[in-house]
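Here's a quick briefing for anyone meeting this structure for the first time. Take a look at the sequence and the model, then read on for the main points.

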Amino acid sequence: MSFAQEAVQFECPVQGPGFTDNEIQELLSLLRSPSPGQNSGSSGSNQALYSLDERKRRRMLSNRESARRSRWRKKRHLEDLTQQLNRLKIANRELKNRLGSILNQSHVLWRENDRLMLESIALKSRLSDLCYVFAAMQKSQQQCSSL
């Protein structure tokens with residue numbers, strides 16, 4: 001049994017990420033080189049054709065792997081954006097809740113301030129009335145003491 005025949009029967013126990021059995025077999029076939037006895041009657045043009053086929057196959061595998069990596073990067077980027085979106089939604093909700101709480105506190109303080117302003121006006125008015133009464137009483141006492 002030649003090396004090429006042995007390689008066809010070889011099964012890889014560990015597969016790389018994203019490689020199918022066919023792709024692994026294609027990669028293994030690239031490692032195989034035809035033995036001199038198998039190429040009886042082959043000319044230089046067949047060898048050049050084999051080289052073109054081999055280059056096409058390698059380029060095709062390389063493009064597949066590049067596309068696989070690109071899809072993986074795109075998927076990973078989408079997952080990252082989705083996680084970021086979820087974090088931002090949570091942060092936005094927390095900020096809205098915090099703003100609502102602050103607005104409620106603000107309304108409570110405005111009402112308390114209005115109440116205190118009205119109370120202040122009422123107390124100032126009462127104080128003014130008491131000062132007037134007190135002044136009138138002092139004037140009345142002075143008039144009584146002068147008699």
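**A salt-bridge trio and its surroundings**

The chain has three helices and zero strands, and the trio sits in helix α3.

- E65 pairs with R68 through a salt bridge between their side chains, with N and O 2.4 Å apart.
- Those two are three residues apart in helix α3, which is about one turn of the helix.
- E65 also meets R69 in a salt bridge, this time at 3.8 Å from N to O.
- Here the spacing is four residues, again about one turn of helix α3.
- Is E65 buried or exposed? E65 is buried, because its relative accessible area is 16%, under the 20% cut-off.
- R69 has a relative accessibility of 39%, so R69 counts as partly exposed.

**Another pair in helix α3**

- E112 and R115 form a salt bridge too, and their closest N and O atoms are 2.7 Å apart.
- Both residues belong to helix α3 and lie three residues apart, about one turn of the helix.
- E112 comes out as partly exposed because its relative accessibility is 34%.
- R115 is partly exposed as well, with a relative accessible area of 42%.
- Across the whole structure, a search turns up seven salt bridges.

**The chain as a whole**

- Going along the sequence, the pattern reads α-α-α.
- Of the 147 residues in the chain, 7% are buried.
- The chain exposes about 12,900 Å², and carbon and sulfur atoms supply 59% of that area.
- Among contacts with a separation of 6 or more, 61% are between residues 24 or more positions apart.

**How confident is the prediction?**

- The average pLDDT for the chain is 81, and 72% of the residues score at least 70.
- Which helix has the highest confidence, and which the lowest? Helix α3 (residues 44–146) is highest with a mean of 92, while helix α1 (residues 3–9) is lowest with a mean of 45.
- Residues 1–10 have a pLDDT below 50, and in the model this stretch has twelve contacts beyond near neighbours in sequence.
- Residues 36–40 also stay under 50, with two contacts beyond four places in sequence.

How values were computed: Residues are numbered from 1 along each chain as its sequence is written. This is a predicted model: local features need pLDDT of at least 70, side-chain atom pairs count only at pLDDT 80 or more; totals for chains, interfaces and linings use all residues. Side-chain values use heavy atoms; hydrogens and water are left out. Buried means under 20% relative accessible area, exposed over 50%, partly exposed in between (1.4 Å probe, protein chains only). Contact means heavy atoms within 4.5 Å. Accessible areas come from the Shrake-Rupley method with a 1.4 Å probe; for residues, only the protein chains shown count as cover. pLDDT is the predictor's confidence in each residue, from 0 to 100. A salt bridge is a side-chain nitrogen of Lys or Arg within 4 Å of a carboxyl oxygen of Asp or Glu.
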